[in-house]
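Here is a short briefing to read alongside the model. Take a look at the fold first, then follow the topics below.

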Amino acid sequence: MLLEAREITKAFGSFKAVDAASVTLEPGDILGLIGPNGAGKSTFFNCLTGDLQTTSGQVLFEGHDITRATPEARARLGLARTFQVPQTFEGMTVLENVMIGAFLRSSHRAEAESKARAVLARVGMERLADAPARALGTPGRKRLEIARALATEPKVLLLDEAMAGLTLREVQLAIDLVRDIHRSGVTLVIVEHIMEVIMSLASRVMVFHQGREIARGNPREVTSNPAVIAAYLGS
Ligand code: ADP
Ligand code: MG
């Protein structure tokens, strides 16, 4: 097992944003995580990556307990993520933003730069390498997040709404990129509101509602589940 969360709870005061959520991830999985706004998907990601400390529960990566490990230590083990709101360093170039990821594995600037350039080529952004990051629109920022994550050489990549705000054409390109990343051997968890994306990429889906898992299964089963439909309709 690559990644396992056991009964993760994250409380903010008395409010449980994530309530005893568990998941296991096997190498090669593409797990879809869906649920209405506020269901706790991003909070769950933050607990897996260490961006938030869990209130209770355990996180294991390849059998190691990483529940209290820093985000950097988890990244070193091979756990990477993108943020729902892109964390772009505005004053830096696109290349420098990706080098931040590459520096996790190499302390030499030239080496980090050549790796960052290779990643930019892979995501189709090589021509933008020297552009200031602040010049990018939403699609570019979303792709830059993915590039920075890839530069850390992840085994597991968590994508938090990486396709939100993209046009249909851009979504298709992003799906192709995710497939390419998966084929290169990366295991993925994708949070996405666009159901076609989940349908075409995910091998399994879990559904959150009010911090709890309310359904899991293959995409078809889950999207026809009455409890899931009710959650989306707000009942
Ligand atoms: P999702 O990603 O599924 O839309 P989130 O994980 O962002 O949901 O949020 C889940 C719930 O936790 C929401 O009600 C949100 O307002 C709340 N929440 C998230 N972060 C915090 C925080 N830092 N402090 C208090 N409440 C938070
Ligand atoms: Mg979210």
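Helices (H or I, at least four residues) and strands (E, at least two) are DSSP runs here, numbered from the N terminus. By that reading, the protein chain holds nine helices and 10 strands. This is a predicted model, in which local features need pLDDT of at least 70 and side-chain atom pairs count only at pLDDT 80 or more, while totals for chains, interfaces and linings use all residues. Residues are numbered from 1 along each chain as its sequence is written, and chains are lettered from A and ligands numbered from 1 in the order in which they are written.

**Confidence**
- The protein chain has a mean pLDDT of 96, where pLDDT is the predictor's confidence in each residue, from 0 to 100.
- In the protein chain, 100% of the residues reach a pLDDT of 70 or more.
- For the complex, the predictor gives an ipTM of 0.98 and a pTM of 0.96.

**Overall shape**
- Taken along the principal axes, the C-alpha atoms of the protein chain fill a box of roughly 50 × 40 × 35 Å.
- Of the 235 residues in the protein chain, 41% are buried (buried means 20 or more other C-beta atoms within 10 Å of the residue's own, exposed means 12 or fewer, and partly exposed lies in between, with C-beta atoms placed from the backbone).
- Among contacts with a separation of 6 or more, 63% join residues 24 or more positions apart; two residues are in contact if their C-beta atoms, placed from the backbone, lie within 7 Å.

**The four-stranded sheet**
- An open sheet of four strands runs in the order S2-S1-S4-S5 with antiparallel pairing; two strands pair if DSSP finds at least two bridges between them.
- Because S2 and S5 stand at the edges with a single partner strand each, one side of each is left without a neighbour in the sheet.
- S1 and S2 run antiparallel and are joined by seven bridges, including those of Ile8 with Ala21 and Phe12 with Phe15.
- The hairpin of S1 and S2 has two residues between the strands, and Gly13 in the turn has a positive phi of about 65 degrees.
- S1 is also antiparallel to S4, with five bridges between them; among them, Leu3 is partnered with Phe61 and Ala5 with Val59.

**Ligand 1 and its shell**
- Which residues surround ligand 1? They are Phe12, Ala17, Gly35, Asn37, Gly38, Ala39, Gly40, Lys41, Ser42 and Thr43, where a residue is near a molecule if its C-beta atom, placed from the backbone, lies within 6 Å of it.
- Helix H1 (residues 41–49) provides the largest share of this shell, with three residues.
- By residue type, the shell divides into three nonpolar, six polar and one charged (Ala, Val, Leu, Ile, Met, Phe, Trp, Tyr, Cys and Pro count as nonpolar, Asp, Glu, Lys and Arg as charged, and the others, Gly among them, as polar).

**Ala17, a shell residue in S2**
- Ala17 sits in strand S2 (residues 15–25), and it is buried because 21 other C-beta atoms lie within 10 Å.
- Beyond its neighbours within four places in sequence, Ala17 is in contact with Lys10, Phe12, Gly40, Thr43 and Gly211.
- Ala17 and His209 are 192 residues apart along the chain, yet their C-alpha atoms are separated by 9.7 Å.

**Two glutamates with positive phi**
- Glu7, in strand S1 (residues 3–12), has a positive phi of about 50 degrees although it is not a glycine.
- With 13 C-beta neighbours inside 10 Å, Glu7 counts as partly exposed.
- Glu62 lies in the loop between strand S4 (56–61) and strand S5 (64–65), and its phi is positive too, near 45 degrees.
- Glu62 is partly exposed, since 15 other C-beta atoms lie within 10 Å.
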